[in-house]
Amino acid sequence: MKKLFIDQLIPIFLAVITFLVLSTVLYGVLLVLNSLHLSVPLVLDFRKREVLIGITIYLKTAIDFAIFMGNLMHTNPGWKKRIAIEIGTAVGNGIGTFLILIIWTLFKEVPLLMIAMIFIASVVLLKMAEESLEEFLKQKRSFIKLKMPVSLLQDQLNFVNKIFRPILKFFVPNLNLTKTKKLSFINLIVFSFTIPFILGLDDFAGYIPLFNVINVFGFSLGVMLGHMILTVCLFASPKLTVRAVKHPVVLVTGGFAFIGIALYGFIETFKIFLSVIK
């Protein structure tokens with residue numbers, strides 16, 4: 001019982017505290033941005049819907065993160081190492097979210113920069129959709145009847161993404177998810193801090209089209225809450241958590257969701273462009 005308390009409950013408690021601290025910092029960041037006298041002030045309020053969307057989008061984009069984290073915890077066992085992993089990844093995810101939010105807020109004041117930002121984000125989302133469907137196709141015994149249409153769609157996405165490869169190479173990571181090493185407590189914090197940027201640069205970029213239609217405060221809270229939920233589940237049962245995020249239904253629905261958001265982003269890009277040239 002004592003071992004369970006130390007190995008799981010302490011890191012989980014710390015994950016909750018870290019989320020509350022980062023949420024407070026997020027509110028402060030939004031206050032600072034609003035002090036810049038933006039053309040459209042940020043709403044410092046949120047509804048449950050935006051938080052749920054943020055949680056859903058984060059958990060769907062976190063497959064690679066969950067796999068890598070499971071391997072990292074296996075290589076670096078013990079409650080102290082779990083605390084290091086939690087602090088590093090939570091702060092890294094929070095700062096990454098803050099930076100994307102700041103960039104989006106400033107760029108939307110300049111329409112041409114906003115066009116470029118949304119277009120790139122939409123291209124990244126198409127790549128994320130391809131990877132999600134590709135992961136589904138690797139699961140040979142699941143949903144056999146869906147294999148053919150999903151395979152055809154995945155081929156089309158692959159063709160489109162090849163066209164945008166010069167853009168994608170700057171945003172989509174190429175990392176061995178099974179290769180982790182044993183680190184000291186401090187080094188593990190530093191390394192864990194970089195993981196959301198190494199694995200999640202494409203995920204951060206993919207948030208941008210959604211910022212135009214939902215409350216950014218609620219969505220950002222949802223992203224950080226999603227990270228907390230995922231790390232808590234990984235602490236409790238790494239294998240079960242990885243299996244859940246790789247479920248065929250999650251992969252297929254997530255892939256189609258990414259395509260839908262990407263198409264919306266392209267439409268928004270076109271609308272903004274038309275408003276600029278008028």
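## Cavities

A search of the whole structure, a predicted model, turns up 3 cavities of 30 Å³ or more. Here a cavity is a set of points on a 1 Å grid over the protein atoms alone where a 1.4 Å probe fits but cannot get out, and a volume is the space filled by probe spheres set on the points.

The second largest cavity comes to about 50 Å³. Its lining residues (an atom within 4 Å of a point) include Phe19, Glu86, Asn93 and His227. H1 contributes the most, with 4 residues, while H1 (2–34), H4 (79–107) and H10 (216–236) each supply at least two. By class, this lining has 6 nonpolar, 3 polar and 1 charged residues.

## A pocket to look at

The second largest pocket has a volume of about 330 Å³; a pocket is an open set with protein on both sides within 12 Å along at least five of seven lines. Of its 17 lining residues, Val40, Trp104, Lys108, Phe211 and Asn212 lie nearest the centre.

## The whole protein

The protein has 12 helices and 0 strands, where helices are DSSP runs of H or I with at least four residues and strands are runs of E with at least two. Buried residues (under 20% relative accessible area, 1.4 Å probe, protein chains only) make up 47% of the 278 residues.

## Notes on the model

Residues are numbered from 1 along each chain as its sequence is written. Local features need pLDDT of at least 70, side-chain atom pairs count only at pLDDT 80 or more, and totals for chains, interfaces and linings use all residues, while side-chain values use heavy atoms, leaving out hydrogens and water.

Definitions and conventions: Buried means under 20% relative accessible area, exposed over 50%, partly exposed in between (1.4 Å probe, protein chains only). Ala, Val, Leu, Ile, Met, Phe, Trp, Tyr, Cys and Pro count as nonpolar, Asp, Glu, Lys and Arg as charged, and the others, Gly among them, as polar.
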